[in-house]
Structures are given as C-alpha cells and as structure tokens.
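Okay, thanks everyone for coming. I'll take a few minutes on symmetry, confidence and disulfides, so let's get the structure up on the screen.

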Number of protein chains: 2
Amino acid sequence: QLDSRGRCKCQGAGAKAIRPNRIERLEVLPPSLACPNLEIIVTLKDNGGQKCLDPNSSFSKNYIKRAIKKRSTQ
Amino acid sequence: QLDSRGRCKCQGAGAKAIRPNRIERLEVLPPSLACPNLEIIVTLKDNGGQKCLDPNSSFSKNYIKRAIKKRSTQ
C-alpha cells in the first residue's frame, strides 16, 4: 500500500476548486500500475507551480464541459 | 494532427473519442494568448504518441466524470 502511494503524484484529497483564470494547464492521469488513483494536476499561470485537484469535486468533474461553454459564449 | 508550426498545438477538430484504456495522460489547455482554442491533447500508452481530442465531443466533455465513476466501481 505504501509502495503504490509513493509513485502517486498527489497526496491527500487535493483542492476542491481553483480559479479557472489561474489555470495554465490541467493534466488528468488515469489510474495505472504506477498509481491506483485518478489524479488531476493543475499548472498555474505566472510560475504559480502545480496543485492537485480533488477528482471527486464538482469543479473537476465539470471542468472540461464548463471550459467549452465559456469559450462558446465569448 | 499535432501542429508544430503555429502556436496552437492542434489542427482541425481532433478525434471524437479515444479508447480509454489507451490513455496514459490527458492534458487540457484552456484558451490563451498563445492559442485562442481550448485544446485537449492525449498521450497514448506504449509510446503511442500524442493525439488531439475534439473538446466538443461528448467523450471529452464527460471524460473526467466517467473516469471517476469507472474507478469507484472497480
């Protein structure tokens, strides 16, 4: 159990949400041999570093859908 | 399909769907000064390279949600 957690990139549940205009890139890593968890890693603008996002939050679940909607109303 | 010349990484609409078990990593790039389009780039397992995904496809819109659901039933 500890072994597999060591290869995961996120520890703990991660942030429930991140202000969308701070997001430069969002990466989804499906469960794999390296890590049994679905992980979502956000790279922040202006060298703000990286943050883990809680995949179970509604922000995560709806991020792509919302990003498209926002785009089509601009 | 990946556009190496322009500042956008994807040319054309991209794939409507990709078999989920082939996906090693999925990256979402929101619209930015570099590229006005929302782009979704999938890295395939086993050195399968990268592919652009159509952000407007229902596969893209529901990917995170579905990946979580799948995980919780395993």
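Why does that link matter for the layout of the chain? B:Cys10 sits in the segment before β1 of chain B, while B:Cys52 belongs to strand β3 (residues 50-53) of chain B, so the bond ties together parts 42 residues apart in sequence. As for handedness, the B:Cys10 and B:Cys52 link is left-handed, with -90° about the S-S bond.

Before going on, keep in mind that this is a predicted model. For chain A the mean pLDDT is 86, and 86% of its residues reach 70 or more. Looking at the elements of chain A, the lowest mean pLDDT, 56, goes to helix α1 (residues 2-7), and the highest, 96, to strand β3 (residues 50-53).

Now, the other disulfide I want to show in chain B. B:Cys8 and B:Cys35 are bonded, with their sulfurs 2.1 Å apart. This link is right-handed, at 100° about the S-S bond. It runs from B:Cys8, in the segment before β1 (23-29) of chain B, to B:Cys35, in the loop between β1 and β2 (39-44) of chain B, and the two are 27 residues apart. Are these cysteines buried or exposed? B:Cys8 has 14% relative accessibility, so it counts as buried. B:Cys35 has 4%, so B:Cys35 counts as buried as well.

Over to chain A. A:Cys10 and A:Cys52 form a disulfide with the sulfur atoms 2.0 Å apart. Here A:Cys10 is in the loop between α1 and β1 (23-29) of chain A and A:Cys52 is in strand β3 of chain A, 42 residues apart. The A:Cys10 and A:Cys52 link is left-handed, with -90° about the S-S bond, and both of its cysteines are buried. If you number the bonded cysteines of chain A in sequence order, you get the pairing 1-3, 2-4. How many disulfides are there over all chains? The search of the whole structure finds 4.

Last bit: how do the copies relate? Chain A superposes on chain B by a rotation of 180° with 0.0 Å of shift along the axis, at an RMSD of 0.1 Å. The two copies are thus related as by a two-fold rotation axis. Both copies use the same surface, in that 100% of the contact residues of chain A recur in chain B. And which residue of chain A comes closest to the rotation axis? That's A:Glu27, with its C-alpha at 2.2 Å.

Notes:
Residues are numbered from 1 along each chain as its sequence is written. Chains are lettered from A and ligands numbered from 1 in the order in which they are written. This is a predicted model: local features need pLDDT of at least 70, side-chain atom pairs count only at pLDDT 80 or more; totals for chains, interfaces and linings use all residues. Side-chain values use heavy atoms; hydrogens and water are left out. Copies are superposed by least squares on the C-alpha atoms of residues with pLDDT of at least 70 in both. Contact means heavy atoms within 4.5 Å. pLDDT is the predictor's confidence in each residue, from 0 to 100. Helices (H or I, at least four residues) and strands (E, at least two) are DSSP runs, numbered from the N terminus. A disulfide is a pair of cysteine sulfur atoms within 2.5 Å. Buried means under 20% relative accessible area, exposed over 50%, partly exposed in between (1.4 Å probe, protein chains only).
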